[in-house]
Amino acid sequence: MRPLTEEETKTMFEKLSKYIGENIKLLVDRPDGTYCFRLHNDRVYYMSEKILKLATNISRDKLMSVGTCFGKFTKTKKFRLHITALDFLAPYAKFKVWVKPGAEQSFLYGNHVLKSGLGRITENTMQYQGVVVYSMADVPLGFGVAAKTTQECRRVDPMSIVVFHQADVGEFIRNEDALT
């Protein structure tokens, strides 16, 4: 387990800023202690420094994971967020989308959000902006990318895609072997 390089940190923070903006500072400088990001087997983990110190007692080849997996770097050095980061993205999300109860299951099976399933959307959401998807009961279901602006969502036909699916909590069941 090692600290991220400047390039890796920049790539990861650019991806996170699509979803939570300048609230990234709140992830690192928390009132309950200092938290950090570490890289292990191309995956980025988020943990407190106390946990980090305890993890140094375990050899790298024996260590499976530590902390919360935020995502992984692909072979082309792009950063991909995992669903395990949702608990940290949801409270700080700048742009949110709420889906109707009938569209929840479709989203949880990995489908995009259609206009017919859109309940609400944060005002002034830009196209290709990262959004956190909620149920109408304010339960975070996953995250995605806005396919249309807020204004375009008002006048498109009901079968148009308004949010591109990125990750959802249904992945815990569908891909449980791949998530670490």
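Biologist: Where does UniProt place the feature "domain: PUA"?

Modeller: The unreviewed UniProt entry places this feature at residues 95–170, in the numbering used here, with the feature name shortened and with the caution that annotations may be inferred rather than shown by experiment. Residues are numbered from 1 along each chain as its sequence is written. This is a predicted model, in which local features need pLDDT of at least 70 and side-chain atom pairs count only at pLDDT 80 or more, while totals for chains, interfaces and linings use all residues, and side-chain values use heavy atoms, with hydrogens and water left out.

Biologist: What makes the span of helix 1 agree with its number of residues?

Modeller: Helices are DSSP runs of H or I with at least four residues, and strands are E runs of at least two, both numbered from the N terminus. The expected span is 1.5 Å times one less than the number of residues, so the 15 residues of helix 1 (residues 6–20) should span 21 Å, and the end C-alpha atoms, 20 Å apart, agree with that.

Biologist: Which residues of helix 1 are called buried, and how do you know that they are on the same side?

Modeller: Buried means under 20% relative accessible area, exposed over 50%, and partly exposed in between, with a 1.4 Å probe and protein chains only; in helix 1 the buried residues are Glu-8, Met-12, Leu-16, Tyr-19 and Ile-20. They cover an arc of only 80° around the axis, taken from the directions from the helix axis to the C-beta atoms, which puts them on the same side of helix 1. The face turned away from that buried side carries the exposed residues Glu-6, Glu-7 and Lys-10.

Biologist: What makes a set of residues a nonpolar core, and which residues have the most contacts inside the largest one?

Modeller: The term requires buried Ala, Val, Leu, Ile, Met, Phe, Trp, Tyr and Cys residues joined through side-chain atoms within 4.5 Å. The largest such core has 29 residues, and those with the most contacts inside it are Leu-16, Phe-37, Phe-70, Leu-81 and Leu-89. The largest share of this core, four residues, comes from helix 1.

Biologist: Why is Gly-110 called partly exposed, and what does Gly-110 touch?

Modeller: Gly-110 has 27% relative accessibility and therefore counts as partly exposed. Gly-110 lies in the loop between helix 5 (101–108) and strand 8 (113–114). Not counting residues up to four places away in sequence, Gly-110 touches His-165, Asp-168 and Arg-174, where contact means heavy atoms within 4.5 Å.
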